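Hello,

I am passing a structure on to you, shown just below.

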Amino acid sequence: MSLSPFLRSPFTDLTGAMVSHQWYGQCADMELKVMDCLEAYGVDKGRKKCDTLIQDFQECASRKIRNQRIIEMRQERHRQYKAGERSKEDLYVPTIKTNGY
(Lines give C-alpha, C1' and ligand atoms only; values in the text may rest on other atoms or scores of the structure.)
Protein backbone atom coordinates (compact mmCIF):
# COMPACT_ATOMS: atom_id res chain seq x y z
CA MET A 1 0.00 0.00 0.00
CA SER A 2 1.77 3.14 -1.15
CA LEU A 3 0.77 6.21 0.79
CA SER A 4 2.73 8.94 -0.87
CA PRO A 5 4.99 9.09 -3.92
CA PHE A 6 8.76 9.21 -3.56
CA LEU A 7 9.00 12.30 -5.77
CA ARG A 8 6.15 14.78 -5.94
CA SER A 9 5.27 16.56 -9.15
CA PRO A 10 2.11 17.90 -10.77
CA PHE A 11 1.85 14.60 -12.64
CA THR A 12 1.83 12.57 -9.41
CA ASP A 13 -0.78 14.93 -7.97
CA LEU A 14 -3.05 14.35 -10.97
CA THR A 15 -2.62 10.59 -11.12
CA GLY A 16 -2.30 9.82 -7.41
CA ALA A 17 -5.99 9.17 -6.84
CA MET A 18 -6.43 6.85 -9.82
CA VAL A 19 -5.71 3.74 -7.74
CA SER A 20 -8.22 3.59 -4.95
CA HIS A 21 -10.83 1.22 -3.57
CA GLN A 22 -13.61 3.77 -3.61
CA TRP A 23 -15.08 2.21 -6.74
CA TYR A 24 -15.25 -1.20 -5.05
CA GLY A 25 -18.01 -1.17 -2.45
CA GLN A 26 -16.57 -3.78 -0.12
CA CYS A 27 -13.42 -1.98 1.09
CA ALA A 28 -14.37 1.66 0.47
CA ASP A 29 -15.36 2.49 4.06
CA MET A 30 -12.30 0.80 5.48
CA GLU A 31 -10.03 2.70 3.11
CA LEU A 32 -11.59 5.99 4.22
CA LYS A 33 -10.99 5.10 7.88
CA VAL A 34 -7.34 4.33 7.13
CA MET A 35 -6.87 7.57 5.23
CA ASP A 36 -8.57 9.58 7.99
CA CYS A 37 -6.33 7.99 10.59
CA LEU A 38 -3.20 8.64 8.54
CA GLU A 39 -4.30 12.21 7.94
CA ALA A 40 -4.83 12.74 11.67
CA TYR A 41 -1.43 11.38 12.76
CA GLY A 42 0.66 12.00 9.66
CA VAL A 43 2.13 9.32 7.45
CA ASP A 44 5.17 8.42 9.59
CA LYS A 45 3.49 8.30 13.00
CA GLY A 46 0.25 7.04 11.47
CA ARG A 47 1.90 3.85 10.23
CA LYS A 48 2.44 2.86 13.87
CA LYS A 49 -0.81 4.22 15.33
CA CYS A 50 -3.06 2.96 12.53
CA ASP A 51 -1.35 -0.41 12.06
CA THR A 52 -4.45 -2.49 12.89
CA LEU A 53 -6.61 -0.47 10.48
CA ILE A 54 -3.99 -0.79 7.75
CA GLN A 55 -3.74 -4.57 8.24
CA ASP A 56 -7.52 -4.94 8.15
CA PHE A 57 -7.71 -2.90 4.96
CA GLN A 58 -4.95 -4.92 3.32
CA GLU A 59 -6.79 -8.15 4.20
CA CYS A 60 -10.02 -6.71 2.79
CA ALA A 61 -8.27 -5.73 -0.43
CA SER A 62 -6.18 -8.89 -0.93
CA ARG A 63 -8.46 -11.48 0.76
CA LYS A 64 -5.36 -13.57 1.46
CA ILE A 65 -6.48 -15.01 4.83
CA ARG A 66 -9.99 -15.76 3.57
CA ASN A 67 -8.69 -17.60 0.51
CA GLN A 68 -6.21 -19.58 2.63
CA ARG A 69 -9.07 -20.60 4.94
CA ILE A 70 -11.12 -21.83 1.98
CA ILE A 71 -8.18 -23.86 0.68
CA GLU A 72 -7.64 -25.48 4.10
CA MET A 73 -11.35 -26.38 4.43
CA ARG A 74 -11.27 -27.99 0.98
CA GLN A 75 -8.14 -29.96 1.86
CA GLU A 76 -9.75 -31.15 5.11
CA ARG A 77 -12.87 -32.32 3.24
CA HIS A 78 -10.72 -34.26 0.77
CA ARG A 79 -8.67 -35.75 3.62
CA GLN A 80 -11.86 -36.92 5.33
CA TYR A 81 -13.10 -38.41 2.04
CA LYS A 82 -9.86 -40.31 1.48
CA ALA A 83 -9.91 -41.56 5.09
CA GLY A 84 -13.48 -42.83 4.64
CA GLU A 85 -15.04 -40.37 7.11
CA ARG A 86 -17.16 -38.76 4.34
CA SER A 87 -19.06 -40.24 1.47
CA LYS A 88 -18.84 -38.93 -2.08
CA GLU A 89 -22.28 -37.32 -1.70
CA ASP A 90 -21.24 -35.51 1.49
CA LEU A 91 -17.99 -34.18 0.05
CA TYR A 92 -19.56 -30.80 -0.72
CA VAL A 93 -22.70 -29.09 0.49
CA PRO A 94 -25.46 -29.39 -2.11
CA THR A 95 -25.92 -26.24 -4.13
CA ILE A 96 -29.01 -24.10 -3.78
CA LYS A 97 -31.39 -24.39 -6.69
CA THR A 98 -31.87 -21.34 -8.85
CA ASN A 99 -34.42 -18.98 -7.25
CA GLY A 100 -34.81 -21.42 -4.38
CA TYR A 101 -34.65 -18.92 -1.58
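Please keep in mind that this is a predicted model. A40 counts as exposed because its relative accessible area is 61%, and the cut-off for exposed is over 50%. If you follow the chain for 10 residues from A40 you reach C50, and the C-alpha atoms of these two are separated by 10.0 Å.

Next, have a look at how α2 packs with another helix. Two packed helices are described by the angle between their axes and the distance between the axes. For α2 and helix α4 (residues 51-62), the angle is about 150° and the axes are 9 Å apart. The two helices are therefore roughly antiparallel, since angles over 145 degrees count that way. Their crossing is left-handed.

Which residues make the contact between α2 and α4? From α2 come M30, E31, K33, V34, C37 and L38, while α4 brings L53, I54, D56, F57 and C60. By type, the residues of this contact split into 8 nonpolar and 3 charged, with no polar ones.

Finally, R63 deserves a glance. R63 is found in the loop between α4 and α5 (64-83). Its phi is positive, at about 55°, even though R63 is not a glycine. With a relative accessible area of 30%, R63 is partly exposed.

Enjoy exploring the model!

Best wishes

Technical notes:
Residues numbered from 1 in each chain as written. Predicted model: local features only at pLDDT ≥ 70, side-chain atom pairs only at ≥ 80, totals over all residues. Heavy atoms only, no water. Buried < 20%, exposed > 50% of the residue type's maximum accessible area, 1.4 Å probe, protein only. Axes fitted to C-alpha atoms, helices over the stretch in contact; angles between N-to-C directions. Helix = DSSP H or I, 4+ residues; strand = E, 2+ residues; numbered from the N terminus. Parallel < 35°, antiparallel > 145°, perpendicular 65-115°, else oblique. Left-handed = near helix turned anticlockwise from the far one by under 90°. Contact = heavy atoms within 4.5 Å. Nonpolar A, V, L, I, M, F, W, Y, C, P; charged D, E, K, R; others polar.
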